Amino acid sequence: MVEQFALSSGNNCQLVRIRSGWIPRYYLLAFPRSQGEPSAGEVAEMITIGVERAQSIASETLGDPEAFGLIYSGYSARREKGWHVHIVLLGNRWRKAWLYLVLAGKNLLQALGLRRDDAPRLS
């Protein structure tokens, strides 16, 4: 699944379903790297699109428009280059706990240098 969204600036973003065995029902709303970094207005517009699409997908999939989590990692905290927002359909506390466990494991591996991490090093 890939959905394209035109932003008011003329740039676009896309919502992609990520197939992951570790995190089910996971989507990424991304600003293509070829467009550079988004402006503050584009970021705000994309977060709005992210929330609206997350509510819609959660309602269609789980019957609850509020059963999702939205994660934005700033430039210094992201592993992948390029601006993006993670959308994860949750549904219950166990799925939320599982998500946080997977994220903690991923970040621990990156901190130990056992998983690729291209985030800038800040002192």
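This is a guided tour of the structure above, stop by stop.

The model is predicted, so local features are given at pLDDT of at least 70 and side-chain atom pairs at pLDDT 80 or more, while totals for chains, interfaces and linings use all residues. Residues are numbered from 1 along each chain as its sequence is written, and side-chain values use heavy atoms, with hydrogens and water left out.

**Stop 1: the salt bridge**

Select Glu3 and Arg53. They form a salt bridge, and their closest N and O atoms are 2.6 Å apart. The pair links distant parts of the chain: Glu3 is in strand β1 (residues 2-6) and Arg53 in helix α1 (residues 40-62), 50 residues apart. Helices (H or I, at least four residues) and strands (E, at least two) are DSSP runs, numbered from the N terminus. A salt bridge here is a side-chain nitrogen of Lys or Arg within 4 Å of a carboxyl oxygen of Asp or Glu. A search of the whole structure finds one.

Is Arg53 buried or exposed? Arg53 is buried, because its relative accessible area is 17%. Glu3 counts as partly exposed because its relative accessibility is 23%. Buried means under 20% relative accessible area, exposed over 50%, and partly exposed in between (1.4 Å probe, protein chains only).

Keep Arg53 selected and show its surroundings. Leaving aside neighbours within four places in sequence, Arg53 is in contact with Met1, Glu3, Phe5 and Leu15. Contact means heavy atoms within 4.5 Å.

**Stop 2: the nonpolar cores**

Next, select Cys13, Leu15, Leu29 and Met46. Of the 17 residues in the largest nonpolar core, these four touch the most other members. The elements giving two or more residues to this core are β2, β3, α1 and β5. Which element gives the largest share? That is α1, with five residues. A nonpolar core is a set of buried Ala, Val, Leu, Ile, Met, Phe, Trp, Tyr and Cys residues joined through side-chain atoms within 4.5 Å.

Now centre the view on Leu29. Not counting residues up to four places away in sequence, Leu29 touches residues including Phe5, Met46, Ile49, Trp83 and Val85. Apart from this core lies another, of seven residues, among them Ile23, Leu90, Leu99 and Val102. In soluble globular proteins, nonpolar side chains tend to be buried together.

**Stop 3: the aromatic pairs**

The structure holds two aromatic pairs. Select Trp22 and Trp98. Their ring centres are 6.1 Å apart and their planes are at 10°, so the pair is stacked. Trp22 is in the loop between β2 (12-18) and β3 (26-30), Trp98 is in helix α2, and the two are 76 residues apart. Trp22 is exposed, with a relative accessible area of 57%, and Trp98 is partly exposed, at 37%.

Then select Tyr72 and Trp83. This pair is tilted, with 5.3 Å centre to centre and 35° between the planes. Tyr72 is in strand β4 (residues 68-72) and Trp83 in the loop between β4 and β5 (84-89), 11 residues apart. At 42% relative accessibility Tyr72 counts as partly exposed, whereas Trp83, at 3%, counts as buried.

Rings of Phe, Tyr and Trp (its six-membered ring) pair if their centres lie within 6.5 Å; planes under 30 degrees apart count as stacked, over 60 as edge-to-face and the rest as tilted.

**Stop 4: a surface patch**

Finally, select Leu108, Leu109, Leu112 and Leu114. They form a nonpolar patch on the surface, with about 420 Å² of accessible area together. Such areas come from the Shrake-Rupley method with a 1.4 Å probe; for residues, only the protein chains shown count as cover. Patches are made of residues with over 30% relative accessible area and no salt bridge: like charges are joined within 9 Å, nonpolar side chains (Val, Leu, Ile, Met, Phe, Trp, Tyr) within 5 Å. Leu109 is found in helix α2 (residues 93-111), and at 38% relative accessibility Leu109 counts as partly exposed.
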